[in-house]
Amino acid sequence: MNNLEPCIIETTTATQEDAERIAAALLEQKLAACVQLENVRSHYVWQGKVEDDEEIRLSIKSAAHLYAQVEAAILALHPYDCPQVLMLPITAMLPEYKQWLADALT
């Protein structure tokens, strides 16, 4: 557990169904310990045009050494041409939560 570098990986989808399919795959493959889904409103520029859409944000609790596998799984299941896939490092964490994360990813 001491070597585990916890992280949060984020992506967004247009539909609840896409979000749930991605979350289930990540959990089944033990690439995530938890995936939280929340509704968000996204304002962004796409192909030179300002867009405004409802999306589902996936907040994926994982580990840095699994990022490439998480990214590949997201890309394989994601319908967007260019999905957001961001890794956010965690600099502090309750030791018991870190242990739970480590246990869930093995």
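## Briefing: strands, salt bridges and an aromatic pair

Trp100 counts as partly exposed, at 36% relative accessibility. That value, like the others here, comes from a predicted model.

**The aromatic pair and the surface patch**

- How many aromatic pairs does a search of the whole structure find? The search finds one.
- The partners are Tyr97 and Trp100, whose ring centres are 5.0 Å apart. Their planes stand at 50° to each other, and the pair is tilted.
- The angle is what sets that label: planes under 30 degrees apart would count as stacked and planes over 60 as edge-to-face, so a pair at 50° is tilted.
- Tyr97 and Trp100 are three residues apart in helix α3, which means that about one helical turn separates them.
- Tyr97 is partly exposed, with a relative accessible area of 33%, and Trp100 is partly exposed as well, at 36%.
- Leu94 sits in the loop between β4 (86-89) and α3 (95-104). Leu94 has a relative accessible area of 55% and is exposed.

- Side chains of opposite charge can pair when their charged atoms come close. In this model the count comes to four salt bridges.
- Arg41 forms one of them with Asp52, with the closest N and O atoms 2.7 Å apart. Asp52 lies in strand β3 (residues 49-63) and Arg41 in strand β2 (residues 34-46), so the bridge ties together parts that are eleven residues apart in sequence.
- Arg41 also meets the side chain of Glu54 in a salt bridge, at 2.4 Å from N to O. This pair links distant parts of the chain, with Glu54 in strand β3 and Arg41 in strand β2, 13 residues apart.
- Which residues do salt bridges with shared partners join into one network? They are Arg41, Asp52 and Glu54.

- Another of the salt bridges joins the side chains of Asp18 and Arg21, at 2.8 Å from N to O.
- Both residues belong to helix α1 (residues 16-28), and because they are three residues apart, about one helical turn lies between them.
- Is Asp18 buried or exposed? At 12% relative accessibility, Asp18 counts as buried. The cut-off for buried is under 20%, so 12% falls within it.
- Arg21, by contrast, counts as partly exposed at 37% relative accessibility.
- Leaving aside residues up to four places away in sequence, Asp18 touches Thr13 and Pro79.

**How the strands pair**

- Strand β1 (residues 6-13) is mostly covered, with seven of its eight residues buried.
- β1 pairs with β3 in the antiparallel sense over eight bridges. In this pairing Glu10 stands opposite Ser59 in β3.
- β1 also pairs with β4, again in the antiparallel sense, over four bridges. Here Ile9 stands opposite Met87 in β4.
- β2 and β3 run antiparallel and are joined by 13 bridges. Ser42 has Asp53 as its bridge partner in β3.
- What phi does Gln47 take in the hairpin of β2 and β3? Gln47 takes a positive phi near 55°, in a hairpin that has two residues between the strands.

Technical notes: Residues are numbered from 1 along each chain as its sequence is written. This is a predicted model: local features need pLDDT of at least 70, side-chain atom pairs count only at pLDDT 80 or more; totals for chains, interfaces and linings use all residues. Side-chain values use heavy atoms; hydrogens and water are left out. Buried means under 20% relative accessible area, exposed over 50%, partly exposed in between (1.4 Å probe, protein chains only). Rings of Phe, Tyr and Trp (its six-membered ring) pair if their centres lie within 6.5 Å; planes under 30 degrees apart count as stacked, over 60 as edge-to-face and the rest as tilted. Contact means heavy atoms within 4.5 Å. Two strands pair if DSSP finds at least two bridges between them.
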